[in-house]
Amino acid sequence: MTADDYHPPKWLHNPHLQSVLSSSGLRRRRGLRALNATGAVTTEHIFDGGDGVRLQGWHSAVPGKTSSGLALLLHGWEGSTESSYMRMTAARLLEAGFEVVRLNFRDHGGTHHLNEEIFHSNRLDEVVNAAGDVARRFPHRRFVAAGYSLGGNFVLRLALRAPQAGLPLARVASVCPVLDPSASLMGMEEGLPLYHWYFQRKWRHSLERKRELFPERHNYDDETLAKSVRELTRWMVERHTDFGTIDDYFEGYSIAGDRLSGLTVPADILMAEDDPVIPFAHFQAWQLPALAHLETARWGGHCGFIENAACDGFGERWVTEHLLAAT
């Protein structure tokens, strides 16, 4: 299966419709039904992120089914383990014989209480450590990983770090990864206002929850939370990271240019040419090593790739087939 196999009906050629449907309640319910239909048993785990950091994850396996591998799934910014694409990808992987761990980033999926400091996109170390904990708790399985949007960025950096961390990662798949964070923010600001409003609202609510839980540590006011995504990011960088500037912060998790040149884990990447959040032009100049393969679809929006009125997704089928190549 390649990106060329994605042929949505004409009414799904609109990238904004694709992107909105991707996170719709209809698709989340569809994902929950698909996950329940597998008959998998799902259990909660708190994984060790190192230095006292705790990250929540959900392990799913079908009883009596021989495992063909263990797949770690990473969601996008302000998504969660219950995002539609996480549920639907987990269902596809379980049907293919995988066990699945869906991992929540810090402060996502209602896990704000687990850690005092706030989430930011350069917190790769804790995800690497948590992935190592996942591999240790469920050993003797072929270990693979996949991510969407910011999770797609994280999974590629995870693959880059894997040898150094002693992580037995056999293959990764990344869908619509954040390539150049600065360009992505600019694309959000200059595009349809819906996207900026969506992420600003969700981030504000997340920070409000953090303030409720840790009022002495997080005593920022509502005026701060009303800032634009760019200005709120600048505030966060200056107050809650060791990066001096917002540009340095963006550089910290950028995977643009030749930053993945040292990759030794096979990686498959799916991108839509019409993605309204992540500028496709930057992917055309991307310098990838031989082990990384970029596939581009004409349509799909941002992490959409919806195939029909039932909101089935090409993306989760694509992820499953490519991760099966490692088993």
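**Entry 1: cysteines**

I started with cysteine 303, which is buried at a relative accessible area of 6% (buried is under 20% relative accessible area, exposed over 50%, partly exposed in between, with a 1.4 Å probe and protein chains only). I note that this is a predicted model, where local features need pLDDT of at least 70 and side-chain atom pairs count only at pLDDT 80 or more, while totals for chains, interfaces and linings use all residues. Residues are numbered from 1 along each chain as its sequence is written, and side-chain values use heavy atoms, with hydrogens and water left out.

Which cysteine sulfur is closest to that of cysteine 303? I found it in cysteine 176, at 4.3 Å, which is too far for a bond. I then took cysteine 311, which is buried at 1% relative accessibility. The closest cysteine sulfur to that of cysteine 311 belongs to cysteine 303, and the 15 Å between them is too far for a bond. My count of disulfides for the structure is zero, a disulfide being a pair of cysteine sulfur atoms within 2.5 Å.

I also checked the backbone. Most residues other than glycine have a negative phi. Cysteine 303 has a positive phi of about 55 degrees, and cysteine 311 has a positive phi of about 70 degrees. I place cysteine 303 in the loop between strand E8 (292–297) and helix H12 (314–324), and cysteine 311 is also in the loop between E8 and H12. Helices (H or I, at least four residues) and strands (E, at least two) are DSSP runs, numbered from the N terminus.

**Entry 2: rings**

I listed 16 aromatic pairs. Rings of Phe, Tyr and Trp (its six-membered ring) pair if their centres lie within 6.5 Å; planes under 30 degrees apart count as stacked, over 60 as edge-to-face and the rest as tilted.

I looked at tyrosine 85 and tyrosine 148, a tilted pair with 4.7 Å centre to centre and 35 degrees between the planes. Tyrosine 85 is in helix H3 (residues 84–95) and tyrosine 148 in strand E5 (residues 143–148), so this pair ties together parts 63 residues apart in sequence. Tyrosine 85 is buried at 11% relative accessibility, and tyrosine 148 is buried with a relative accessible area of 2%.

How are the rings of phenylalanine 280 and phenylalanine 283 arranged? Their centres are 6.5 Å apart and their planes are at 10 degrees, so I logged the pair as stacked. Phenylalanine 280 and phenylalanine 283 are both buried.

I noted a cluster in which ring pairs link Trp77, Tyr198, Phe199 and Trp203. I also noted arginine 157, whose charged end sits over the ring of phenylalanine 154 at 4.4 Å from the ring centre (the test asks for NZ of Lys or CZ of Arg within 6 Å of the ring centre and within 35 degrees of the ring normal).

**Entry 3: cavity**

I searched the whole structure and found one cavity of 30 Å³ or more. On a 1 Å grid over the protein atoms alone, a cavity is a set of points where a 1.4 Å probe fits but cannot get out, and a pocket is an open set with protein on both sides within 12 Å along at least five of seven lines; lining residues have an atom within 4 Å of a point. Grid points are joined across faces, edges and corners, and a volume is the space filled by probe spheres set on the points.

The largest cavity holds about 390 Å³ of space. Of its 27 lining residues, Trp77, Ser121, Leu150, Val229 and Tyr253 are the closest to the centre. Helices H6 (181–190), H7 (193–213), H9 (229–240) and H10 (246–253) are the elements that give two or more residues to this lining. By class I have 17 nonpolar, eight polar and two charged residues in the cavity lining. Ala, Val, Leu, Ile, Met, Phe, Trp, Tyr, Cys and Pro count as nonpolar, Asp, Glu, Lys and Arg as charged, and the others, Gly among them, as polar.

**Entry 4: pockets**

The largest pocket has about 500 Å³ of space. It is lined by 25 residues, with Ser19, Ser23, Tyr85, Tyr198 and Phe199 nearest its centre. H7 gives the most to this lining, six residues. I sorted the lining of the largest pocket into 10 nonpolar, 10 polar and five charged residues.

The second largest pocket has about 180 Å³ of space. Its lining includes Gly49, Asp51, His120 and Arg123. H4 supplies the largest share of that lining, four residues.
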